Amino acid sequence: MAARQCYSAGSILDLPQPLSPKSTAHMVNRVVSAGHTSCVEHNQFVFGVRGISRSCSHQLVRHRVGWSYEQQSQRYVDFSSQDFVEIVVPPTILRIPEMLESFLEPVKAAVRAYFLLRDERVHQEDARYLFNNAFETKLIVSANARALLHFFELRTCNLAQWEIRWLAHLMRAELQHAAPEIFKFAGPTCMTQKICWEGPRGAKCPRLVSTGAELRDRTPAAAAERTSPLS
Ligand SMILES: Cc1cc2nc3c(=O)[nH]c(=O)nc-3n(C[C@H](O)[C@H](O)[C@H](O)COP(=O)(O)OP(=O)(O)OC[C@H]3O[C@@H](n4cnc5c(N)ncnc54)[C@H](O)[C@@H]3O)c2cc1C
């Protein structure tokens with residue numbers, strides 16, 4: 001509807017007339033591929049996110065424009081009333097039993113100390129200072145499609161941190177099912193534009209070869225080299 005408003009000479013009241021799925025796909029394709037992505041700011045999506053670490057949620061909430069968040073509070077939730085706490089263990093640590101023990105020991109100590117403080121009536125808003133980045137969190141997250149396309153560009157990139165990349169892939173899979181016309185454009189720029197902007201870092205990425213993307217650097221010197229008639 002929003003996209004059609006741009007090209008409609010008629011009454012606004014005619015806009016809600018449903019388009020066929022084929023015409024809708026054509027319209028979305030036209031605006032998104034032309035970079036007219038403000039049209040998809042009108043499409044809002046809501047996610048329930050659980051099972052991610054505070055480390056991951058901290059990265060997620062850095063996405064500011066077009067996003068809204070409600071996160072489980074460590075101030076109001078008393079974790080000592082639960083039978084267990086959840087944590088996220090990075091796969092690199094999970095693979096090595098001795099490392100896993102070193103990783104879990106401070107987590108267990110923090111949980112023990114938390115319970116102790118709560119027993120002494122220290123409020124959870126202070127007891128929570130013991131929790132580290134591995135502790136699990138939950139959020140309700142809303143974002144519009146334009147913001148999500150930007151997020152997928154950054155976070156489905158092979159060079160993004162593994163946990164937020166994993167989250168981004170799960171979110172993208174949901175959206176490609178719910179709104180395939182829009183989210184067929186979702187992904188890192190090596191896939192959507194055949195350009196990798198990571199500069200020398202990108203040279204190590206296996207996807208560079210599989211996508212046939214061109215490696216680019218954002219520095220002015222690199223841009224000048226690209227446009228030089230001698231290069
Ligand atoms: C691989 C990777 C590594 C990272 N490493 C670090 C790190 O080491 N330390 C760290 O602090 N962060 C890091 N970040 C987070 C990063 O700096 C961004 O905060 C995050 O990716 C959100 O992106 P964004 O600002 O583009 O998104 P949004 O906040 O959603 O903004 C979307 C777009 O709106 C525009 N915009 C938003 N706010 C402003 C503004 N105030 N002024 C002008 N334009 C604006 C920009 O064009 C921006 O791209 C990393 C991100 C990635 C993907």
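Helices here are DSSP runs of at least four residues, and strands are runs of at least two, numbered from the N terminus. Keep that in mind for the element names below. The model on your screen is predicted.

**Whole chain**

Start with everything shown as a cartoon. The protein has twelve helices and five strands. The C-alpha atoms fill a box of roughly 70 × 55 × 30 Å. Buried residues account for 19% of the 231 residues. Look at contacts between residues at least 6 apart in sequence: 62% of them join residues at least 24 apart.

**Domains**

Colour by domain next. There is domain 1 (1–42), domain 2 (44–178) and domain 3 (188–231).

**The largest nonpolar core**

Which residues touch the most other members of the largest nonpolar core? Select L148, F152, L167, A168 and I182 to see them, out of 24 residues in that core. Several elements give two or more residues to this core: α2 (21–33), α3 (54–60), β3 (136–144), α7 (145–155), α8 (162–178) and α9 (180–183). Helix α7 gives the most, with six residues. Domain 1 (1–42) and domain 2 (44–178) each provide at least three residues to the core. In soluble globular proteins, nonpolar side chains tend to be buried together.

Stay on L148. Setting aside neighbours within four places in sequence, L148 is in contact with F45, A143 and L175.

**The ligand**

Move to the ligand. Around it, select R62, H63, R64, V65, A147, H150, L154, L159 and A160. By type, this shell holds five nonpolar, two polar and two charged residues.

Most residues other than glycine have a negative phi. The next two stops have a positive one.

Go to R121. Its phi is near 65°, a positive value in a residue other than glycine. R121 sits in the loop between α5 (97–119) and α6 (124–127). Is R121 buried or exposed? R121 counts as exposed because it has 7 C-beta neighbours inside 10 Å.

Then select K194. K194 is not a glycine, yet its phi is positive, about 60°. Find K194 in the loop between α10 and β4 (195–196). K194 is exposed, since 11 other C-beta atoms lie within 10 Å.

M191 is partly exposed, because 19 other C-beta atoms lie within 10 Å; a residue needs 20 or more to be buried. M191 and E153 are 38 residues apart in sequence, and their C-alpha atoms are 9.3 Å apart in space.

**A203**

A203 lies in the loop between β4 and α11 (206–211). With 10 C-beta neighbours inside 10 Å, A203 counts as exposed. Which residues does A203 touch, not counting those up to four places away in sequence? Select L208 and L215 to see these partners of A203. Then draw a distance line from A203 to F135. These two are 68 residues apart along the chain, and their C-alpha atoms are separated by 34 Å.

**Q5, in α1**

Finish at Q5. Q5 is found in helix α1 (residues 2–7). Why does Q5 count as exposed? Q5 is exposed because 11 other C-beta atoms lie within 10 Å, and the cut-off for exposed is 12 or fewer. Last, select C39 with Q5. The two are 34 residues apart along the chain, with their C-alpha atoms separated by 9.7 Å.

Terms used: Residues numbered from 1 in each chain as written. Predicted model: local features only at pLDDT ≥ 70, side-chain atom pairs only at ≥ 80, totals over all residues. Near = placed C-beta within 6 Å. Nonpolar A, V, L, I, M, F, W, Y, C, P; charged D, E, K, R; others polar. Contact = placed C-beta atoms within 7 Å. Core = buried A, V, L, I, M, F, W, Y, C linked by C-beta atoms within 7 Å. Domains from an automatic or database assignment.
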